[in-house]
Amino acid sequence: MLDKHLLVKLKSIVGKEDILTSKISREVYAYDSSPFIHEPEAVVFPETTAEVAEILKLSEAYSIPVVPRGAGTCLSGGAVSLYGGISLVLTKMDKILDIDTVNETALVETGVTNLNLQKAVEPLGFMFAPDPASQKAATIGGNVAECAGGIRGVKYGVTKDHVLGLEVVLPGGEIVTTGALASGYGFIPDLTGIFSGSEGTFGIITKILVKLTVMPETMRTMMAVFDSLDKAGEAVSAIIAKGIVPTTLEIMDKSMIRAVDDFLKLGFPRDAEAVLLLEVDGYEVEIDRQVDVIEEIFREKKASSVQSAKDRTEREKLWLARRSGNGALGRIKPAYMVQDITVPRHRLPQMLRFVSDISKKYDITIAQMAHAGDGNLHPHLLYDPDDPEEFERVEEASHEIFETALKMDGTLTGEHGIGLEKLPFMKLQFSEKDISFMKRVKKALDTNLNLNKGKVLEL
Ligand SMILES: Cc1cc2nc3c(=O)[nH]c(=O)nc-3n(C[C@H](O)[C@H](O)[C@H](O)COP(=O)(O)OP(=O)(O)OC[C@H]3O[C@@H](n4cnc5c(N)ncnc54)[C@H](O)[C@@H]3O)c2cc1C
């Protein structure tokens with residue numbers, strides 16, 4: 001319980017303007033982007049690593065629960081304050097400290113948004129490859145903590161593949177560094193990986209050394225329309241089987257296509273069962289050949305139309321459609337629960353079909369998009385929060401979806417994390433031994449369990 005005495009101590013660390021305790025502020029920070037709602041007792045905005053360390057010392061001394069938080073775009077309940085305590089919002093730590101174009105790295109504070117980093121490095125001929133659709137708001141610290149992916153994941157990988165080192169404040173307040181920030185390049189052991197995807201349960205990431213990627217010479221964007229999900233899925237497998245690794249390979253189903261078209265009025269094929277959005281990048285000479293092969297595959301798989309973006313404006317239009325999917329669904333129902341299962345790529349059509357059937361079985365609208373190249377599906381289950389009976393059906397449908405994904409040798413989460421949402425299902429995916437190992441690591445780092453307790457692992 002955060003009494004007056006502790007609030008005074010907190011104010012002495014961050015200053016009175018960096019702490020909120022009013023009812024309305026606590027209500028605002030009770031949410032992330034999942035359906036879970038839990039109010040913190042105080043919302044605190046540290047501006048330096050030293051302040052974070054002091055707060056964690058206080059947390060240890062007085063057993064105050066702390067939940068680190070970036071932009072709160074988490075979709076699995078990771079950023080809500082399950083046990084009250086402090087919501088530690090890191091968005092004021094938002095400086096890009098260094099961009100090194102020779103070594104192709106950038107050193108950033110945790111609260112830099114993904115988009116601001118992209119904007120800073122783009123004019124220098126680089127990109128930060130992980131590009132979650134939430135990039136306008138989501139922080140790099142949040143990206144690391146969730147190991148965020150994005151539409152470029154099929155070629156460039158996910159956040160963990162682009163992190164070279166971290167500065168982390170451990171529970172108790174000790175400041176440590178990992179990877180290239182600890183010992184330069186090429187030395188082991190590199191403990192960076194254990195914080196990647198740890199969902200704020202192992203330590204608070206304060207600085208990140210990221211790898212930058214040189215912008216490709218050219219890119220080509222295409223859209224293919226199909227009258228069946230199966231044919232679209234087969235086209236995905238055929239492209240990969242040819243040894244082509246597209247930068248992005250996204251699929252949208254009929255509900256998603258219609259929602260996006262209603263919103264943006266782009267003249268999308270409203271009767272199509274599936275649309276594939278694809279981009280390839282690299283050197284001009286190789287790209288021409290790849291486009292020929294892909295067009296041939298689309299013909300073989302009976303795409304009803306294939307369109308190539310002629311210029312940057314057309315390319316932007318296609319990606320705007322993909323990025324607007326989540327928001328566009330708000331026109332159909334006020335809320336959605338988005339699932340994040342992955343299945344082996346060859347199972348993609350089967351899983352897409354299964355989700356369509358589930359939609360009928362539970363009488364709910366499910367709009368689907370998927371990072372098809374990675375086998376990572378995002379069924380959006382739409383509901384009205386004022387209709388508890390509908391929400392119950394959405395929950396049951398969700399459970400059936402990820403149980404089926406696991407039966408297909410898939411995973412509970414591809415990029416959105418376990419958080420609170422998938423915690424009860426961890427045993428379906430992991431053996432007792434493996435869960436016990438995770439718990440031992442958690443307890444070794446956070447003996448008193450003050451950091452984001454109740455997420456990912458039952459302790
Ligand atoms: C519209 C929309 C689209 C999205 N698209 C994608 C997508 O394409 N790909 C994808 O992977 N995800 C996506 N997400 C999910 C989400 O944006 C990502 O997980 C993102 O990385 C979270 O960043 P954040 O700054 O909002 O973190 P938060 O939501 O604030 O926190 C996420 C988790 O990280 C922990 N955390 C945050 N900062 C730190 C830190 N500095 N140190 C330790 N722990 C920390 C929190 O405790 C929490 O458990 C989407 C979400 C929305 C709402």
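**Entry 1: where domain 1 meets domain 2**

I find 15 residues of domain 1 in contact with 18 residues of domain 2. Contact here means that C-beta atoms, placed from the backbone, lie within 7 Å. I note that this is a predicted model: local features need pLDDT of at least 70, side-chain atom pairs count only at pLDDT 80 or more, and totals for chains, interfaces and linings use all residues. Residues are numbered from 1 along each chain as its sequence is written.

Next I checked the side of domain 1 that touches domain 2. Helix H3 (49-62) and S3 each supply at least two of its residues. H3 gives the most, with seven residues. Helices (H or I, at least four residues) and strands (E, at least two) are DSSP runs, numbered from the N terminus. By class, this side holds eight nonpolar, four polar and three charged residues. Ala, Val, Leu, Ile, Met, Phe, Trp, Tyr, Cys and Pro count as nonpolar, Asp, Glu, Lys and Arg as charged, and the others, Gly among them, as polar.

I then wrote down the domain bounds: domain 1 (4-89), domain 2 (96-214), domain 3 (218-327) and domain 4 (328-407). These bounds come from an automatic or database domain assignment. Taken over C-alpha atoms, the centres of domain 1 and domain 2 are separated by 22 Å.

**Entry 2: the ligand shell**

Which residues are closest to the ligand? I read off Gly70, Gly78, Gly141, Gly142 and Gly200, out of 36 residues that surround the ligand. A residue qualifies if its C-beta atom, placed from the backbone, lies within 6 Å of the molecule. Strand S3 (66-69), helix H5 (140-146) and strand S10 (204-211) are the elements that give two or more residues to the shell. H5 has the largest share, five residues. I sorted the shell into 14 nonpolar, 17 polar and five charged residues. Domain 1 and domain 2 each provide at least three residues of the shell.

**Entry 3: the four-stranded sheet**

This open sheet runs S1-S2-S4-S3, with mixed pairing. Strand S1 (19-20) and S3 are at the edges with a single partner strand each, so one side of each has no neighbour in the sheet. Two strands pair if DSSP finds at least two bridges between them. S1 and strand S2 (residues 42-44) pair in the antiparallel sense over two bridges. Leucine 20 stands opposite valine 43 in S2.

I looked for helices on this sheet. H3 packs on it, touching S2, S3 and strand S4 (86-89), and its direction makes about 155° with that of S3. Helix H1 (residues 4-14) lies across S1 and S2, at about 15° to S2. For angles, axes are lines fitted to C-alpha atoms, for helices over the stretch in contact, and values run from 0 to 180 degrees between N-to-C directions.

**Entry 4: the seven-stranded sheet**

I traced the order S15-S12-S14-S13-S17-S18-S16 in an open sheet with antiparallel pairing. Strand S15 (305-308) and strand S16 (335-338) are its edge strands, each pairing on one side only. On average, neighbouring strands are turned by 20° against each other, direction ignored. Strand S13 (residues 248-253) and strand S14 (residues 274-282) pair in the antiparallel sense over six bridges. Glutamate 250 stands opposite leucine 277 in S14.

Helix H9 (residues 229-241) packs on the sheet and touches strand S12 (218-226), S13 and S14, with its direction at about 15° to that of S14. Helix H15 (residues 388-407) lies across S16 and strand S18 (376-383), at about 165° to S18.

**Entry 5: H9 against H11**

The axes of H9 and helix H11 (residues 284-300) come within 10 Å and cross at roughly 145°. Ala235, Ala238 and Ile239 of H9 make the contact with Ile294, Ile297 and Phe298 of H11. I count six nonpolar, no polar and no charged residues there.

Notes. Two residues are in contact if their C-beta atoms, placed from the backbone, lie within 7 Å.
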